[in-house]
Amino acid sequence: MKFKPDFTRVRNFLQAHTRLCAICALGVCLMALGAGGFFFYRYRTGPDYAFKMLHKALADGDTAVPAKMIDFSALSDDIVRAVLTVQPSPAASEADKAEMRDEAQRLVLRSLAHARVSGGGGGGHGESGGEHGGGGKGSPPPPRKMHDPVPALPEDAVAQLAAGLKPEKTREGVVLRGVFTNNVLHTEFPVRLLMERRNGGWAVTRLLNAVELAELYKSARDALKAEDEAALAEKNEKIFEEMRPYFEAPACAVSVGVLSDKVEALMLIKATAKNSGAETLQNVNMLCSVTDAAGNTLFERQLNAVRRVFPGRMFENSWTVSLDAAAPATQALLNAGPLSCTVRPLVMTLGNGKLLYPRNE
């Protein structure tokens, strides 16, 4: 026998107490709406929503939201203090510090503009990026000269950070972790920012590892400088090696004397060398160093000679240098006893029009 539920009593009760049922239903709905509104309010004023808004703005290259949610002045102060800690500069004035703060903010704004133009950093919170929270590997470095300054923040730094920024809740607030790569310096820079409640909202107020970043930048910049100098030395060594046959076995003789007027002294320098190269030597600029018996350098001068020296022939030229007889440097030469000198070619022009000289970059 099948059971047939009887809803007659329930229907009769509802019909008899319609107002009470309506009030109860309304109360339940109001409670549900209130709870939903409370939790929605909590979410909209909480760190998760704040991070979501900031993260989207950074990814899109939006400047309006970061302007409200990032205390650029405080972050710039952290950067300036860190730089002066890593590279102390007692002479740095308040104007110098203000200029450093302005430069830091300018680099950040440039990177935000780059993210906007390039379509943003993309991605959500991301699972990639390893220990520090992700981020891309950055754009290929632009062509640079040896002595060009290297900004600590590449143009796409914000886009890289946005691609893998991750929040981590702590007692102090929310720590935002990310990483960007400076491909000119061949270095990854982990970034830790503190987002904390302020004036009823949330704001990024601290660069927690500013000193670590300043140390990384200095170390990477010094390494790049050493790398550039080594490459330049190697390049110039090849140039001097190419010059060597055209000024082979250089010899130098020097003498100094005072004229009868006791006012002027003359230095006579004579240099010789052999052109063992395949081309005619047309012109040579050289550095002459005059030393005493102990090897102390007393005089240096660049000397030039326009001489057509065919392959296999000897270069020979003399120069007379006028000196003030009373000058201390001249007196040192006159009282030094036996003098010797050396000559080293710096620049030379060959018969085929080729100019050989060391590079400075």
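These are my notebook entries on a predicted model.

**Entry 1**

I began with strand E3, residues 187–198. Six bridges join E3 to E4, and the two run antiparallel. Which residue stands opposite methionine 195? I found valine 204, in E4. Two residues lie between the strands of this hairpin. I checked asparagine 199 there and noted a positive phi near 50°. Then I looked at how covered E4 is. This strand spans residues 201–207, and five of its seven residues are buried.

**Entry 1: the largest nonpolar core**

Next I looked up the largest nonpolar core and counted 40 residues. Which residues have the most contacts inside it? They are Leu176, Met195 and Val204. H8 gives the most, with six residues. I note as background that nonpolar side chains tend to be buried together in soluble globular proteins.

Leaving out residues up to four places away in sequence, leucine 176 touches Phe51, Leu54, Leu165, Lys166, Pro167, Val191, Arg192, Leu193, Met195 and Val204. Another core lies apart from the largest one. This other core has 31 residues, including Ile269, Val284, Phe315 and Leu323.

**Entry 2: the largest pocket**

I turned to open space. The largest pocket holds about 1100 Å³. How many residues line it? I get 42 residues. Nearest the pocket centre lie Ile79, Ala104, Leu107, Ala152 and Leu153. At least two lining residues come from each of H3, H5, H6, H7, E2, E3 and H8. Which element gives the largest share of the lining? It is H6, with nine residues. I sorted the lining by class: 34 residues are nonpolar, three are polar and five are charged.

I moved on to E6, residues 264–274. Its side chains alternate along the strand. Ala265, Met267, Ile269, Ala271 and Ala273 point to one face and are buried.

Then I traced the partners of E6. Nine bridges pair E6 with E5 (residues 248–258) in the antiparallel sense. Glycine 257 stands opposite leucine 266. E5 and E6 make a hairpin with five residues between them. In that turn, lysine 262 has a positive phi of about 60°. Eleven bridges join E6 to E9 (residues 314–324), and this pair also runs antiparallel. What stands opposite alanine 265 in E9? I found leucine 323.

**Entry 3: the four-stranded sheet**

Last, I looked up an open sheet of four strands. Their order is E8-E7-E10-E11, with antiparallel pairing. Which strands are at the edges? They are E8 (297–309) and E11 (355–356), and each pairs on one side only. E10 covers residues 340–350 and pairs with E11 over two bridges. I picked out methionine 348, whose bridge partner in E11 is leucine 356.

Technical notes:
Residues are numbered from 1 along each chain as its sequence is written. This is a predicted model: local features need pLDDT of at least 70, side-chain atom pairs count only at pLDDT 80 or more; totals for chains, interfaces and linings use all residues. Side-chain values use heavy atoms; hydrogens and water are left out. Buried means under 20% relative accessible area, exposed over 50%, partly exposed in between (1.4 Å probe, protein chains only). Two strands pair if DSSP finds at least two bridges between them. A nonpolar core is a set of buried Ala, Val, Leu, Ile, Met, Phe, Trp, Tyr and Cys residues joined through side-chain atoms within 4.5 Å. Contact means heavy atoms within 4.5 Å. On a 1 Å grid over the protein atoms alone, a cavity is a set of points where a 1.4 Å probe fits but cannot get out, and a pocket is an open set with protein on both sides within 12 Å along at least five of seven lines; lining residues have an atom within 4 Å of a point. Grid points are joined across faces, edges and corners, and a volume is the space filled by probe spheres set on the points. Ala, Val, Leu, Ile, Met, Phe, Trp, Tyr, Cys and Pro count as nonpolar, Asp, Glu, Lys and Arg as charged, and the others, Gly among them, as polar.
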